[in-house]
Amino acid sequence: MDVTVKLTVNGQQKAITTDPRRSLLDVLREDLGLTGPKYACGEGRCGACSVLMDGKRVLSCVTPVSKADNTTIVTIEGLAKDGSLHPVQEAFLEEGAAQCGYCTGGMILTAVALLQENPHPTDRDIAEGMNGNICRCNGYPKIHGAIRRAAEKTKR
Amino acid sequence: MTGEVVTKTSETKRSSPSEDSPCEVQLSRRAFVQVVGAGLLITVTEGISFGQRRGSRGVRNVAARLHVNQDGTITVMTGKVEEGQGSRAQLTQAAAEELRVGVAKINLVMADTALVPDDGMTAGSRTTPSTVPAVRQGAAAARELLTRLAAQQWSVDPGALEVRDGTITHKASGKIVRYAQLVQSPEIVEAFQRSSPAEIPLTPASEWGVMGTSVPRPNLRDLVTGAHRYPSDIARPGMLYGKVLRPPAYGARLESIDLSPAEAMEDVVVVREGEFVGFAAPTTFRADEALRAVSETATWSTVSQPSSDELFSHLKQHARSGRPSTRGSLERALADADKVLGATYEVAYVQHAPMEPRAATAEWKDGRLTVWAGIDYPQRIQGDLARALGVPAEQVRVIVPDMGGGFGGKHTGEAAEEAARLAKAAGRPVAVHWTRAEEFTWAYFRPAALIECRGALDREGSLVAWDFTNINAGGAAIDTPYNTANTRILSAGSDSPLRQGAYRCLAATANNFARESFMDELAAAAQSDPLAFRLAHLENPRIRTVLEVAARHFDWPARQKKVTPELGVGLACGTEKNSVVAACVEVGIDRARGEIRVCEVCEAFECGPIQNPANLVSQVQGCIIMGMGPALREAMQFRDGRIRNASFATYRVPRFEDVPKIDVHLVDNPDIPSAGAGETPIIAIAPAIANAVFAATGLRIRSMPIRLPGTNPA
């Protein structure tokens with residue numbers, strides 16, 4: 001039986017009537033056309049589907065859309081404000097921290113959440129905090145560098 | 001004819017020969033090329049495809065490679081795909097360099113069979129040695145023709161002209177003209193369409209202004225904002241999502257199936273063509289519901305399949321004979337030698353597991369098929385689709401949006417064909433996105449290898465005999481770079497239990513793992529230092545250089561003295577695809593937990609003149625860490641025709657916490673042509689780790705993944 005889920009996505013209010021068992025990822029991508037969150041594992045093991053739900057990083061591929069009722073979602077498309085990039089996006093750009101880029105949106109949102117909780121992470125904190133996100137190009141060194149760079153930006 | 005395809009940056013203003021819009025759709029191929037040659041318009045009537053010309057050498061005129069737009073931008077066309085290896089930046093640089101314009105002026109159209117020439121498959125590190133020169137040649141020819149025209153118009157010697165920023169200047173007279181002005185001339189239209197002038201000299205590496213610099217990926221911003229549309233992000237009006245029924249095991253045949261549970265679902269399109277059973281529905285979830293409802297009714301016949309436990313005996317048993325390449329007299333050398341060693345190495349099957357699994361969207365319109373897909377060779381898939389769907393190739397257009405990784409694993413177009421079948425039946429566009437489990441199970445694998453080695457030393461500890469047979473994996477980098485008078489080298493086929501194919505650097509990883517491990521065994525038998533033993537047998541100056549660079553920066557002699565049972569160092573080197581690599585590593589051994597941890601990697605790499613240093617660093621770092629996966633953990637487990645670890649939960653790929661301290665040293669070698677660099681840096685890491693494990697523990701682990709005895713698969 002379909003249900004109606006109300007949520008705010010990237011600042012816009014949405015009401016979606018759908019099967020509550022569908023994943024938040026599928027609804028974002030297929031119903032709302034937000035393809036920034038990616039499918040890559042379908043079991044919450046790689047972080048490519050990461051979005052912010054009420055400010056916290058969630059894995060949208062294993063989050064039923066019913067759990068998103070009355071929440072505020074930010075996808076990678078909604079992170080930049082008024083055309084200016086978020087400092088973490090800027091840092092990824094400056095560091096050239098993307099190869100194929102398929103993991104990049106998830107990496108950035110995970111890093112945003114990480115830096116909100118811990119604005120001055122050690123290298124160890126970054127590696128631990130990002131360990132749920134896979135990059136198969138194995139561009140980890142530059143991603144790590146970008147997150148460090150973003151942390152330094154916000155320090156100033 | 002149906003509509004036109006106009007790239008977003010092209011100018012639509014036209015001059016002769018095609019003044020009126022209605023004429024566009026009736027252009028002959030020749031007229032079409034002329035229009036493109038004018039540099040004012042990219043308008044393609046569907047059905048005309050440059051893709052029928054095979055290989056970069058097929059591009060004989062400037063018009064097929066590029067055109068100059070009225071706003072001064074230049075559209076450059078290539079059949080290569082971008083999948084994270086950096087080809088978009090590199091080819092943009094190549095064109096900008098020879099056209100004497102900034103990279104911002106170049107708009108690179110990649111991998112669209114309606115627009116681009118056939119530059120061959122994106123594979124084998126061929127973009128750098130083949131496509132970069134082809135693009136540079138086209139760009140240099142355009143610059144030359146434009147310069148000649150300016151000289152002719154001004155009645156001056158072309159040698160007196162200066163070309164910079166898309167502007168041609170005659171200093172003596174103060175005359176100036178922009179490319180965009182010149183391309184309005186009918187003469188240039190014709191010149192761009194004629195065969196390119198032969199052998200325009202390319203800018204030597206010493207004079208590069210754009211090549212050789214760290215140009216970022218041109219669409220990088222779209223990657224960090226989520227704006228870029230990958231193959232799995234392509235959506236079309238009215239599109240459905242498809243799912244395909246898979247056999248429960250390799251070799252299983254469909255005996256019967258009841259489609260009625262899916263047919264009862266009003267919003268689901270059910271397709272059966274022979275053994276192909278698929279579903280298209282408004283959402284992925286719904287298509288999956290249909291699939292699950294029907295799967296339960298299917299009955300299958302199965303056949304016995306080898307399991308991963310018996311893989312290597314199976315490969316050995318089915319090894320085919322072949323003709324080895326030989327030098328000297330191996331058997332006599334073995335008989336006369338002071339010491340003879342033999343060892344057998346094993347390399348497991350692994351998957352590429354790119355972040356983006358296979359994905360395609362297909363759309364039919366008036367009998368014509370357009371497919372957006374994540375594949376490595378648009379022109380080949382165009383042909384494959386035409387055969388599979390029974391339409392002429394001219395009516396098939398394949399577009400490859402920059403995609404989410406490949407690593408050699410996307411040479412085939414399964415999802416494209418599935419989407420095309422479903423879309424045809426549904427009468428609507430259909431997207432097929434493989435799941436991770438499908439990608440792990442039904443994509444092809446890197447071949448497993450069984451490698452048998454024999455080697456012999458004389459009294460002085462010199463290598464006098466080398467016998468090397470790779471069963472199943474292939475012959476990439478199978479030849480030894482080490483001096484040995486008597487050799488026998490063979491790549492033997494076998495019966496592969498899994499579907500196998502290309503992977504970053506093919507069999508070079510397996511062959512280098514065995515060779516460089518075995519060289520370490522021989523060095524130990526000769527009571528020689530692994531570095532000294534290699535250098536004593538190595539003439540290739542390029543390999544010697546990277547080996548010495550890596551060893552120096554790693555501080556090899558001092559680090560060797562610090563080896564303990566818990567901390568080992570090892571090194572390895574090699575060459576493939578005309579580039580050279582050496583790595584020194586330090587590993588930590590945790591015997592209680594049975595763990596090998598790579599603490600540090602120092603790798604030196606040389607591929608000729610460096611075209612993009614930042615991208616090259618990314619490729620080398622990526623190869624090192626990617627290579628650590630199959631070196632330490634990755635291995636397909638299978639039984640009864642089923643993959644038992646078809647997920648990221650059960651198949652452990654490298655993660656942040658696995659990343660060691662990495663020290664990359666790029667050696668620039670301007671004296672030779674640039675070689676590709678996306679693959680070879682992967683081949684040294686596994687043997688260097690195995691050698692470091694030996695240094696610490698005295699245990700020679702002769703299999704990939706390298707695991708301490710008694711430990712279970714990760």
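Domain 1 of chain A and domain 2 of chain A bury about 1,100 Å² between them, with 59% of that area on carbon and sulfur atoms. Strand 3 (50–53) and strand 4 (56–59) of chain A each supply at least two residues of the side of domain 1 that touches domain 2. Strand 3 of chain A gives the most to that side, with three residues. Sorted by class, the side of domain 1 of chain A that touches domain 2 of chain A holds eight nonpolar, four polar and four charged residues. Please keep in mind that this is a predicted model.

Here is the domain pair of chain A at a glance.

| Item, domain 1 and domain 2 of chain A | Value |
|---|---|
| Domain bounds | domain 1 (3–76), domain 2 (87–155) |
| Separation of centres, over C-alpha atoms | 21 Å |
| Residues in the contact | 16 residues from domain 1, 14 residues from domain 2 |
| Residue pairs in polar contact (both at pLDDT 80 or more) | six residue pairs |
| Salt bridges | zero |

Now let us turn to chain B and one histidine there. Where is B:H411 placed? B:H411 lies in the loop between strand 18 (396–399) and helix 13 (414–426) of chain B. Is B:H411 buried or exposed? B:H411 counts as buried because its relative accessibility is 13%, under the 20% cut-off.

Leaving aside neighbours within four places in sequence, B:H411 is in contact with B:M121, B:T122, B:A123, B:D376, B:R380, B:I381, B:Y444 and B:A502.

How values were computed. Residues are numbered from 1 along each chain as its sequence is written. Chains are lettered from A and ligands numbered from 1 in the order in which they are written. This is a predicted model: local features need pLDDT of at least 70, side-chain atom pairs count only at pLDDT 80 or more; totals for chains, interfaces and linings use all residues. Side-chain values use heavy atoms; hydrogens and water are left out. Helices (H or I, at least four residues) and strands (E, at least two) are DSSP runs, numbered from the N terminus. Buried means under 20% relative accessible area, exposed over 50%, partly exposed in between (1.4 Å probe, protein chains only). Contact means heavy atoms within 4.5 Å. Domain bounds come from an automatic or database domain assignment. Buried area is the accessible area (1.4 Å probe) that two parts lose on being put together, summed over both. A salt bridge is a side-chain nitrogen of Lys or Arg within 4 Å of a carboxyl oxygen of Asp or Glu. A polar contact is a pair of N or O atoms within 3.5 Å; within protein, one must be able to donate a hydrogen and the other to accept it, and residues adjacent in sequence count only if both atoms are side-chain atoms. Ala, Val, Leu, Ile, Met, Phe, Trp, Tyr, Cys and Pro count as nonpolar, Asp, Glu, Lys and Arg as charged, and the others, Gly among them, as polar.
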